[in-house]
4 protein chains.
Amino acid sequence: MAANRILADHGVLDGYGHVSARHDRDPNRYLLSRSLAPALVTISDIMEYDLDSNPVDAQERTLYVERFIHGEIYKVRPDVQAVVHHHSPAVIPFSVSTVPLRPLYHMAAFLWEGVPVFEIRDVAGMTDMLVRNPALGRALAQTLGSKAAALMRGHGAVVVSSSVSGVVGRSIYLQLNAHLQAQAIALGGPVTYLDPEEGGRVDVGGYQRAWELWKRKTTAQ
Amino acid sequence: MAANRILADHGVLDGYGHVSARHDRDPNRYLLSRSLAPALVTISDIMEYDLDSNPVDAQERTLYVERFIHGEIYKVRPDVQAVVHHHSPAVIPFSVSTVPLRPLYHMAAFLWEGVPVFEIRDVAGMTDMLVRNPALGRALAQTLGSKAAALMRGHGAVVVSSSVSGVVGRSIYLQLNAHLQAQAIALGGPVTYLDPEEGGRVDVGGYQRAWELWKRKTTAQ
Amino acid sequence: MAANRILADHGVLDGYGHVSARHDRDPNRYLLSRSLAPALVTISDIMEYDLDSNPVDAQERTLYVERFIHGEIYKVRPDVQAVVHHHSPAVIPFSVSTVPLRPLYHMAAFLWEGVPVFEIRDVAGMTDMLVRNPALGRALAQTLGSKAAALMRGHGAVVVSSSVSGVVGRSIYLQLNAHLQAQAIALGGPVTYLDPEEGGRVDVGGYQRAWELWKRKTTAQ
Amino acid sequence: MAANRILADHGVLDGYGHVSARHDRDPNRYLLSRSLAPALVTISDIMEYDLDSNPVDAQERTLYVERFIHGEIYKVRPDVQAVVHHHSPAVIPFSVSTVPLRPLYHMAAFLWEGVPVFEIRDVAGMTDMLVRNPALGRALAQTLGSKAAALMRGHGAVVVSSSVSGVVGRSIYLQLNAHLQAQAIALGGPVTYLDPEEGGRVDVGGYQRAWELWKRKTTAQ
């Protein structure tokens with residue numbers, strides 16, 4: 001999956017995080033790598049899961065502990081075809097702040113419905129902060145609701161889209177918007193955010209123009 | 001065009017943005033790539049446009065939606081030979097802030113007349129934020145006036161110059177000045193900007209010394 | 001030692017700093033390179049020291065002046081198998097600030113007991129700031145106490161772990177947490193830190209998943 | 001000269017700036033490249049100048065306009081064997097701020113005597129900001145006094161040392177200290193700077209350990 005390597009190249013994924021896609025012929029299945037650093041994933045590492053996040057054919061491979069993030073979102077969001085969970089450094093500060101992440105950049109207009117923060121303490125008290133069971137996955141999917149992305153306090157984010165290129169582009173521009181917003185706040189004056197109506201009108205076409213570049217760059221390495 | 005690749009190397013252009021040049025024999029024509037990520041542009045992608053931004057020979061190629069930025073500026077600014085539209089991350093925060101971008105660095109002295117911000121809402125209300133018709137292009141050209149650069153709120157910037165090396169250098173140093181100004185503000189004390197008279201005296205010679213380096217680096221990759 | 005090169009790749013180590021490991025068969029010995037920039041260390045540069053930081057077989061090689069950091073920590077911390085001393089730029093600001101470095105990111109949960117700051121002036125008054133004798137090493141080890149890391153004012157940090165992959169991962173995520181905390185503070189609102197109980201529950205498994213990636217990347221260069 | 005390339009690799013020098021060294025057999029001469037981007041300088045570009053900054057044998061080569069920085073400093077500072085003039089982005093903000101650059105990091109202890117700012121307006125009113133004649137060079141040398149570095153308002157810095165490796169190391173750590181100080185200030189609490197007495201005691205040995213690494217890295221490219 002090119003998506004893993006593109007996101008690693010952009011610093012969205014480091015040694016952790018994962019990208020999944022809904023099965024293109026069976027909407028009740030999704031595809032996700034075995035437990036591995038994203039940049040190392042190859043085609044033979046991809047596994048098939050049902051929406052309860054049970055592997056169809058595990059073959060003694062180690063599974064991502066947090067695979068429930070993916071399955072529980074696919075269950076309640078039929079529009080979603082791809083999911084990324086990542087630890088992008090630019091978004092973490094907003095996950096631990098009372099200052100909400102809001103879109104100010106047209107390429108991040110998909111955030112116009114807002115970016116909720118998932119606080120695992122509200123759901124399960126003291127934990128190791130991982131979404132390690134179906135109940136936590138469901139709670140995260142509920143926080144996400146109909147939106148394009150949610151932050152996870154002190155942990156990372158989850159981003160969804162109707163395509164793999166879309167979820168990759170959204171992950172990159174979520175990160176960039178967070179960076180830009182932090183810089184705009186630091187200038188000291190009030191910040192002009194996108195109007196929700198503007199947000200709804202922007203159509204980036206699944207980031208296809210950039211996707212061609214990202215794939216080319218990743219292959220060339 | 002080396003300009004596309006140099007600006008991509010400097011992070012001024014990502015998967016989006018575009019560089020144009022006025023035709024060297026016909027001032028009523030300009031050259032601009034077909035719709036493509038700038039780093040991928042080769043000589044065969046360059047198209048010729050009239051100043052109404054109609055392609056002279058389209059050959060079914062996809063056009064940049066925002067080509068009107070270029071045509072409308074060439075119409076009213078006979079001194080301009082090259083135009084860049086970009087989304088440089090360092091300048092976006094100033095496009096959504098009440099804090100004006102101002103030159104404090106001698107290599108960015110070309111900003112001494114000020115850097116206006118184009119607010120598309122003032123011209124057309126709620127849009128998808130793209131300069132997708134001649135009227136919006138004219139409004140942007142009007143905001144730019146006689147200046148070297150204008151910001152576009154929540155979107156990016158447009159930079160003009162009397163040469164391609166000049167517009168590339170100005171794009172790079174606009175970005176650097178934005179970065180330096182943000183850092184100077186963050187230190188907390190008052191900031192000393194260039195005096196307009198200093199600004200008018202600085203002559204960087206089209207950034208020729210740096211241009212040789214940038215071209216060399218880009219070719220060597 | 002891959003650890004030297006991985007930490008150099010991540011910008012934790014520059015031309016200075018050092019990584020040591022307790023001898024795997026003799027707990028009263030430790031292994032540390034001769035005095036050399038970390039990125040240049042090869043297997044033949046590794047020397048063996050006793051816990052008083054005397055080389056077992058010096059062979060006229062130059063020793064790191066600050067080797068006492070390692071020996072004195074191994075003496076009082078039998079749980080520690082690896083030590084890094086580094087000058088990571090992200091942590092230095094916290095070493096000279098009254099704002100304490102605190103974990104807000106789950107991968108840095110190992111900091112849950114706090115991150116003390118070693119002020120060499122309190123121990124020895126005016127010095128050249130280097131831990132250049134056993135007494136200074138003991139004082140630093142005392143500041144560290146039972147914790148995973150300590151900062152050294154205006155100088156750097158020391159990080160310990162029960163394994164080499166652990167000390168490398170902790171160095172990288174100490175740096176990242178410092179960076180994230182600085183950004184979260186800059187947003188202006190209150191910051192939610194990890195609850196110590198969460199900190200105690202997180203188990204990153206010696207950063208093994210990331211370690212595989214880091215080693216692969218370093219070898220591929 | 002490796003120094004040019006090392007400083008370009010570290011982002012201290014971009015397309016501009018220059019490094020000189022006093023002639024090792026004639027203290028009334030110094031060596032400096034013809035006008036060229038530092039990263040492109042090769043041995044055949046090096047020219048010899050007298051201390052009035054007249055070239056010994058110009059051969060129709062273009063000279064750096066600001067060569068007087070070097071000559072006038074060598075005249076009044078017999079202890080200085082190497083000079084760098086650079087535009088390091090990290091130091092520019094301090095050159096336009098009322099907040100003084102001060103050493104907080106032991107590798108930048110050489111700044112313990114303070115870092116004066118050269119305001120060309122005080123000397124010559126409105127100019128193009130370049131040190132383009134002997135009088136401006138003398139004024140800058142006077143601002144520098146006995147110190148290791150001076151900032152030039154809205155322009156850059158000049159750094160001096162008793163060796164080439166020293167001036168390269170000082171340039172790199174001047175930049176790093178500026179970066180660290182900006183971050184420490186942003187944390188919001190008071191900042192602990194080096195005590196001048198500590199500053200005077202630190203001896204980095206001409207940055208020899210790092211110099212070996214920097215040279216190796218630059219050659220390997």
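In the predicted model described here, D:E198 forms a salt bridge with C:R121, the closest N and O atoms being 3.1 Å apart, where a salt bridge denotes a side-chain nitrogen of Lys or Arg within 4 Å of a carboxyl oxygen of Asp or Glu. Between chain C and chain D the count is 2 salt bridges, and 8 residue pairs, both members at pLDDT 80 or more, are found in polar contact across this interface. A polar contact is a pair of N or O atoms within 3.5 Å; within protein, one atom must be able to donate a hydrogen and the other to accept it, and residues adjacent in sequence count only if both atoms are side-chain atoms.

On the side of chain C that touches chain D, at least two residues are supplied by each of α3 (92-95), α4 (120-124) and α6 (164-187) of chain C, with α3(C) giving the most, namely 3 residues. Helices (H or I, at least four residues) are DSSP runs, as are strands (E, at least two), and they are numbered from the N terminus. Sorted by class, this side of chain C has 18 nonpolar, 9 polar and 4 charged residues; Ala, Val, Leu, Ile, Met, Phe, Trp, Tyr, Cys and Pro count as nonpolar, Asp, Glu, Lys and Arg as charged, and the others, Gly among them, as polar.

The contact (heavy atoms within 4.5 Å) takes 31 residues from chain C and 28 residues from chain D. About 2,700 Å² is buried between chain C and chain D, 64% of it on carbon and sulfur atoms, buried area being the accessible area (1.4 Å probe) that two parts lose on being put together, summed over both. Of the area that chain C buries against chain D, 25% comes from C:Y16, C:V96 and C:M126, more than from any other three residues. By contrast, no contact joins chain B and chain C, whose closest C-alpha atoms lie 10 Å apart, and none joins chain A and chain D, whose closest C-alpha atoms also lie 10 Å apart.

Over all chains, the count comes to 48 salt bridges. Side chains of opposite charge can pair when their charged atoms come close. In chain A, A:R138 forms a salt bridge with A:E72, the closest N and O atoms being 4.0 Å apart; this pair links distant parts of the chain, 66 residues apart, with A:R138 in helix α5 (residues 134-144) and A:E72 in helix α2 (residues 68-76). A:R138 is partly exposed, at a relative accessible area of 47%, whereas A:E72 is buried, at 2%; buried means under 20% relative accessible area, exposed over 50%, and partly exposed in between (1.4 Å probe, protein chains only). Both residues belong to a network of salt bridges that links A:D52, A:E72, A:K75 and A:R138.

In chain C, a salt bridge joins C:R138 and C:E72, with the closest N and O atoms 4.0 Å apart. C:R138 lies in helix α5 (residues 134-144) and C:E72 in helix α2 (residues 68-76) of chain C, so the pair ties together parts that are 66 residues apart in sequence. C:R138 is partly exposed at 46% relative accessibility, and C:E72 is buried at 2%. In chain D, D:D79 forms a salt bridge with D:R77, the closest N and O atoms being 2.9 Å apart; here D:D79 is partly exposed at 43% and D:R77 is buried at 9%.

Residues are numbered from 1 along each chain as its sequence is written, and chains are lettered from A and ligands numbered from 1 in the order in which they are written. Because the model is predicted, local features need pLDDT of at least 70 and side-chain atom pairs count only at pLDDT 80 or more, whereas totals for chains, interfaces and linings use all residues, and side-chain values use heavy atoms, with hydrogens and water left out.
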